Amino acid sequence: MSEPLTVALVGNPNAGKSALFNALTGARQKIANYPGVTVERKAGRLVLPSGEAATLLDLPGAYSLDATSPDEEVTRKVVLGEFAGEARPQVLVVVVDAANLGHHLVFAQEAIEIGLPVVVALNMMDLAERDGIVLDPAALSQALGLQVVPTVAVRRRGLAELAAAVADARGMVPAPRQHLSLPERRLAARNIARAAILSRSGAHRVRTELDRVLLHPWLGPVILFALLFVMFQAVFAWATPFADGLEALAASLADAVRAGLAPGFVRDFLTEGVIAGVGSVVVFLPQIVILFAFILMMEATGYMARAAFLMDRMMAGVGLSGRSFIPLLSSFACAIPGIMATRSIADPKDRLTTILIAPLMTCSARLPVYAVIIAAVIPATRVAPGIGLQGLVLFALYLAGILGAMAAALVLRRSVTRGAASGFIMELPRYQLPLVKDLLIGLWQRAWVFLRRAGTIIFAVTIALWLLLTFPRAEEGESQLDVSFAGRIATAMHPAFEPIGFNREMTLALVPAMAAREVAVSSLATTYAVDAGDEEATMAALEAEVAQRWSLPTALAFLAWFVFAPQCISTIAVARRETNGWKWPGVMLAYLFALAYIFAGITFWGARALGL
Amino acid sequence: MTLDGIGRGIPARIIAIDWHRLAGEEGKRLRALGLGEGAEVRVAHRGVFAGRDPLAVQVGAMTVALRRVHAAAMTVEPL
């Protein structure tokens, strides 16, 4: 028996590497982070023809091993065997885009020069054919002196052949190669590509036609904003039936528990604590899935890079570049992947600014809070066909976050992250029809992260809060909320928040919301359920409570607070890891809490002055 | 003539790049994307709204987005 085999996929960004990885390994992937750097480490199982399983690593895309970004640095170190804690791969699979050989062979040669056994995956053969390019893989194989396997990752073509080639290449000692300079490599790449291309006719028609519209100086931005508007409306409207279904499920679960258990501590704990608390968060899964579906789709089709192009001018106005748009848009789903996505930004000041403003993008964890408060205090009227007032308010909250982020970037770039104006250089990949399976894998991974949060951190926090709310027990005639530990904590904190219109339950909700923003909702739900001795701790019940107990200025101030407040410990932790210290997360916390307090105050007093 | 001054869709070759006008690692990034001396390029798109920034430049089978300041550092000759 030989030692376990580790194989690494390397290649230019946009070579279809991730699709090939998904096709080779299926959904059984382990996604973690490389220690010290927040670059995703994706590993999966590759089954060789002998039945033996090898570990397949999907390394970050790189244009060169002469690293200019943290991403490329990881790839470089892993393939050179310099990455502590990661075994050096024994075989490299260099993925090249069949339709862009002349360019992708530049990096391929650099990877081959390292001296590891290499197999070349000539990927996206179908797109090359669509572009009218006819290739001769045998000629390419001969020119490079190694095995070349044509593949179409999205159609699962060439996968078995690739696995066989990997098994063959294992243990081979490649002949030493001459080290070439970049211009020499470029020239060689062009010559090899020319020899391997039998004929080419027509060219990139689809891209040219689509880009003519999507990158049109006037039409392009309009389409982008329309798309974003549809996305936010969809999050609110399309999710409703699914959310209702989940809520009904939680309610019937609570009913079943009530029917099956005698009244008492355990029954209260399960219905008021566990089911009400966790249920009120899980209800938002459909909205989060829809949001991620849009973002994954934009990424997989190649539109995201166009969005960056269209936004570059605007981002330049606040000292950033279009590059920052992608992490910021991801932050609408969650600031954690957003902050991690900043690693593709080469300029350190640019990257730091993007990290600092990412929490201002309205993440999906804020959705539950917004949704409940909006549903409770904003009437569900229509302002125009297809545009509801509630959706409009939601859009305004998102907009407030965006404008806040822009203003913050402007100030940060002139103060703490001052530096040379950043550049904007990025590849606009070809348009592609994403494979449904790849989208589903991505969606499943995101949904699973959310559910795991609901099952662990949110679960734990909810239970802790319920216990704090339930003990000590109130005597006859006393309010449970006043007597409980939680109530006393809230009473102590309340003076600080009273000036901005927060009531005591809201103040109380802020504490567990530090663990995860959405807990604010379950915390309110639990608080009111316990306070009212009400077993119906459903979303509808919470909305009714809020509508009845909160004034409009108070509710609006609460929303304004959540636009700015850095209410999530995980985000702070990721920022710390990304910036290697507590300094920048400290700056982030201070400025965001200050903004939250000021704007909640302005909103409260402004709304009061307007007589709302 | 520099790349930022050439009309849309006109094929050209980069004959010189003033690396000193490019900040930090930008030169390295541009070269890694195939924008070096000798590359044949074509400005495919330019600007949003009335602005002239950024540019989308076609080089080989790729489209690369860059800013005017980068394009201004590249001397080109129409083909």
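User: A polar contact is a pair of N or O atoms within 3.5 Å; within protein, one must be able to donate a hydrogen and the other to accept it, and residues adjacent in sequence count only if both atoms are side-chain atoms. How many residue pairs are in polar contact between chain A and chain B?

Analyst: Nine, with both residues at pLDDT 80 or more. This is a predicted model, where local features need pLDDT of at least 70 and side-chain atom pairs count only at pLDDT 80 or more, while totals for chains, interfaces and linings use all residues. Residues are numbered from 1 along each chain as its sequence is written, chains are lettered from A and ligands numbered from 1 in the order written, and side-chain values use heavy atoms, without hydrogens and water.

User: Thanks! And how many salt bridges (Lys or Arg side-chain nitrogen within 4 Å of an Asp or Glu carboxyl oxygen) are there between chain A and chain B?

Analyst: There are two. One of them joins the side chains of Asp66(A) and Lys28(B), at 3.3 Å from N to O.

User: New topic: how much area do chain A and chain B bury between them?

Analyst: About 3,000 Å², 61% of it on carbon and sulfur atoms. Buried area is the accessible area (1.4 Å probe) lost when two parts are put together, summed over both.

User: How many residues are in contact (heavy atoms within 4.5 Å) across the two chains?

Analyst: In chain A, 34 residues contact 29 residues of chain B.

Notes: Contact = heavy atoms within 4.5 Å.
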